[in-house]
Amino acid sequence: MPRFTTADLAAARERTIPDVIADGLQVLFCGINPGLWSAAAGHHFARPGNRFWPTLHASGFTPRVMQPAEQESLLTLGAGVTNIAARATARADELSRDELRDGARLLEATVAARRPAWLAVLGVSAYRVAFDTPSAQVGPQERTLDGTRVWVLPNPSGLNAHWPPAALAEAFAGLRRAAGLPDARESRS
């Protein structure tokens, strides 16, 4: 795991991370925006303590806990990663409502072009703002984006104490089952 200085993290502000995406994925995971640690590393959900990668494994999306540097391997499992807002910040609350809404419009265009079966937005509060759906809850949404179903998942940040690891994994597993993906933990050789 890389270690970064305060100067490294400051230099990562405003950086972007390329999407991990391909046409026709089963699930496209969508974070709010990259944190500074992730931007410095150049990988999604790279900050130590972020529960995205352990949760993917615990929910059966991956056969083992993957490292952020292995993010491209998600494509072979039918999954990818993008963000609502592209620019890195220290905290998601540094993004304006307009940035989230603009990001949602860009995300809609990406989804229309790439056509994943499911878009999984990680963070119900950001989803509510970005998609102007103030009463949205975690779980499947009635909204579709050009035929792509939408599922809102809890934010996997280690700061999200409302969702302990087991509950977070079960929420992700519900999406995996709905997407028709097998439990990757059971397909080990």
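In which sense do S4 and strand S5 (residues 148-153) pair, and over how many bridges? S4 and S5 pair in the antiparallel sense, over four bridges. The model is predicted: local features need pLDDT of at least 70, side-chain atom pairs count only at pLDDT 80 or more, and totals for chains, interfaces and linings use all residues. Residues are numbered from 1 along each chain as its sequence is written, and side-chain values use heavy atoms, with hydrogens and water left out.

View 1. Pro140 stands opposite Trp151 in S5. Strands (E, at least two residues) and helices (H or I, at least four) are DSSP runs, numbered from the N terminus. Two strands pair if DSSP finds at least two bridges between them.

**View 2. The open sheet.** Five strands follow the order S2-S1-S3-S5-S4, with mixed pairing. S2 and S4 (139-145) stand at the edges with a single partner strand each, so one side of each has no neighbour in the sheet. Neighbouring strands are turned by 25° against each other on average, direction ignored.

**View 3. Helices on the sheet.** Helix H4 (residues 97-114) lies across S1 (27-31), S2, S3 (118-122), S4 and S5, at about 80° to S4. Helix H6 (residues 165-178) packs on the sheet and touches S1, S3 and S5. The direction of H6 makes about 165° with that of S5. Axes are lines fitted to C-alpha atoms, for helices over the stretch in contact (heavy atoms within 4.5 Å). Angles run from 0 to 180 degrees between N-to-C directions.

**View 4. Asn83 in strand S2.** Asn83 lies in S2 (residues 79-83). Leaving aside neighbours within four places in sequence, its contacts include Asp19, Cys30 and His44.
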